[in-house]
Amino acid sequence: MVPVDPSSMASGPAHTVIPHNLSTHEALEQVDEENEIMNNRESSKASSDLGLQDFDLLRVIGRGSYGKYYTNQDFMKKENHTLVSEFVFQGFSSFHEHQFTFFVVFLALYILTLAGNIMVTITGLDCYLRIPMYFFLSMLSASETVYTLVIIPRMLSNLIGLNQPISLAGCATQMFFITLAINNCFLLTAMGYDHFVAICNPLRYKVIMNKSVCIQLVWGACSTGLIVAVIQVSAVFRVPFYATEVAHFFCDIRPVVKLSCIDTTVNEIQTLIISVLMILIPMGLIFISYIRIISTILRIASAEARKKAFATCASHMMVVSVHYGCASIAYLKPKSRTPEMRTS
């Protein structure tokens with residue numbers, strides 16, 4: 001071994017000692033290895049001296065196929081707002097000059113709608129008119145009365161400046177009754193089945209559409225709406241929230257989910273699957289029923305009888321078109337893919 005002066009090691013830069021009994025190639029390899037180790041130690045020491053406070057750290061929270069970008073400061077703000085206790089509706093705030101006009105128009109429409117639904121509900125439950133179609137109409141009107149009562153009064157109060165916040169429990173209750181309105185899809189399907197039996201099998205109508213069958217159809221529609229409402233509301237309010245302003249005039253699922261501070265891909269997929277099933281399946285059953293109905297009507301010899309049969313189905317077809325058209329636009333349209341950027 002070559003003697004090494006300890007003082008030179010302490011004061012000068014580090015030198016690599018090469019034993020005499022190694023070949024030149026092996027000695028060079030050993031030198032490279034020792035230099036690499038020393039460089040790694042120096043770089044790790046330099047990086048340890050740097051703090052995260054020297055950087056504006058970007059964090060990405062995924063939402064579906066795109067992400068939201070936040071600075072480290074924004075992320076800390078979001079963590080501090082996970083205990084949101086109430087929401088505020090954005091409503092029609094962008095139409096401030098016309099809010100009173102909207103109030104008058106919506107109030108008039110709401111009074112007419114409420115009065116009509118109450119009259120239909122009472123009429124359908126009358127013992128002298130207790131036939132399947134009136135029974136289904138009364139259940140449909142009662143359902144619409146309930147979920148409009150939890151939406152319209154608060155919307156009207158917001159239009160006249162009484163924009164009161166809604167608690168989490170109140171928002172969950174509102175969302176529950178709105179989602180419960182899914183039973184309307186199946187009530188319309190039951191009404192379509194009633195038309196199908198009345199036109200395609202009139203001689204057995206009273207036997208097929210008896211009281212027990214009608215109650216079972218209504219019970220099935222309401223039970224489906226109840227199950228879906230419980231699943232949706234429990235899934236939405238299981239996540240934490242960081243913001244309080246809902247970009248809507250009631251607690252709908254999508255606007256509320258957007259306020260979450262975590263990845264909500266699972267919630268969005270669940271909502272899409274439920275929407276597809278709850279809209280397309282009843283709509284498909286109604287479509288099949290009306291194919292059979294139209295084919296039966298076209299085989300009727302009397303023109304007057306054909307006209308009467310079409311008139312019987314016209315009102316139901318109009319309601320189905322409006323209901324499923326609005327539901328498809330609201331819940332089946334693809335959401336915007338523009339990522340929301342925050343820089344402060």
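In which helix does S143 have its place? Residue S143 sits in helix α5, which spans residues 132–149. The structure is a predicted model, in which local features need pLDDT of at least 70, side-chain atom pairs count only at pLDDT 80 or more, and totals for chains, interfaces and linings use all residues. Residues are numbered from 1 along each chain as its sequence is written, and side-chain values use heavy atoms, with hydrogens and water left out.

**Figure 1. Overview of the protein.** The protein contains 13 helices and five strands; helices (H or I, at least four residues) and strands (E, at least two) are DSSP runs, numbered from the N terminus. Of the 344 residues, 32% are buried, where buried means under 20% relative accessible area, exposed means over 50%, and partly exposed lies in between (1.4 Å probe, protein chains only). Among contacts with a separation of 6 or more, 73% join residues 24 or more positions apart; a contact means heavy atoms within 4.5 Å. The protein exposes about 21300 Å², of which carbon and sulfur atoms supply 66%. Accessible areas come from the Shrake-Rupley method with a 1.4 Å probe, and for residues only the protein chains shown count as cover.

**Figure 2. Segments annotated as transmembrane.** An unreviewed UniProt entry places the feature "transmembrane region" at residues 100–122, 134–156, 176–196, 217–237, 269–288 and 309–332. UniProt positions are given in the numbering used here, feature names are shortened, and annotations may be inferred rather than shown by experiment. In the model, residues 134–156 are 91% helix and 0% strand, with end C-alpha atoms 31 Å apart. Residues 176–196 are 90% helix and 0% strand, and their end C-alpha atoms are 32 Å apart.

Figure 3. S143 counts as buried because its relative accessibility is 13%. Not counting residues up to four places away in sequence, S143 touches A181, N183 and N184.

**Figure 4. The open sheet β4-β3-β5.** Three strands form an open sheet in the order β4-β3-β5, with mixed pairing. Strands β4 (166–167) and β5 (245–246) stand at the edges with a single partner strand each, so one side of each is left without a neighbour in the sheet. Strands of a sheet pair through backbone hydrogen bonds, either parallel or antiparallel. Strand β3 (residues 86–89) pairs with β4 in the antiparallel sense over two bridges, whereas β3 and β5 pair in the parallel sense, also over two bridges. Two strands are taken to pair if DSSP finds at least two bridges between them.

Figure 5. On the β4 side, E86 stands opposite S167 and F87 stands opposite I166. In β5, V246 is the bridge partner of F89.

Figure 6. N163 is found in the loop between α6 (152–159) and β4. N163 is classed as partly exposed because its relative accessible area is 35%. Although N163 and F89 are 74 residues apart along the chain, their C-alpha atoms are separated by 7.6 Å. Leaving aside neighbours within four places in sequence, N163 is in contact with V88, F89, S157 and N158. R154 belongs to helix α6 and is partly exposed, with a relative accessible area of 27%. The C-alpha atoms of R154 and Q164, ten residues apart along the chain, are separated by 8.5 Å. With neighbours within four places again set aside, R154 is in contact with F89, Q164, P165, I166 and Q174.

Figure 7. I269, I273, L277, I281 and L285 make a nonpolar surface patch of about 440 Å². Patches are made of residues with over 30% relative accessible area and no salt bridge, joining like charges within 9 Å and nonpolar side chains (Val, Leu, Ile, Met, Phe, Trp, Tyr) within 5 Å. A salt bridge is a side-chain nitrogen of Lys or Arg within 4 Å of a carboxyl oxygen of Asp or Glu. I273 lies in helix α12 (residues 265–298) and is partly exposed, with a relative accessible area of 47%. I300 is found in the loop between α12 and α13 (303–331). The relative accessible area of I300 is 26%, so this residue is partly exposed. Not counting residues up to four places away in sequence, I300 touches A305 and R306.
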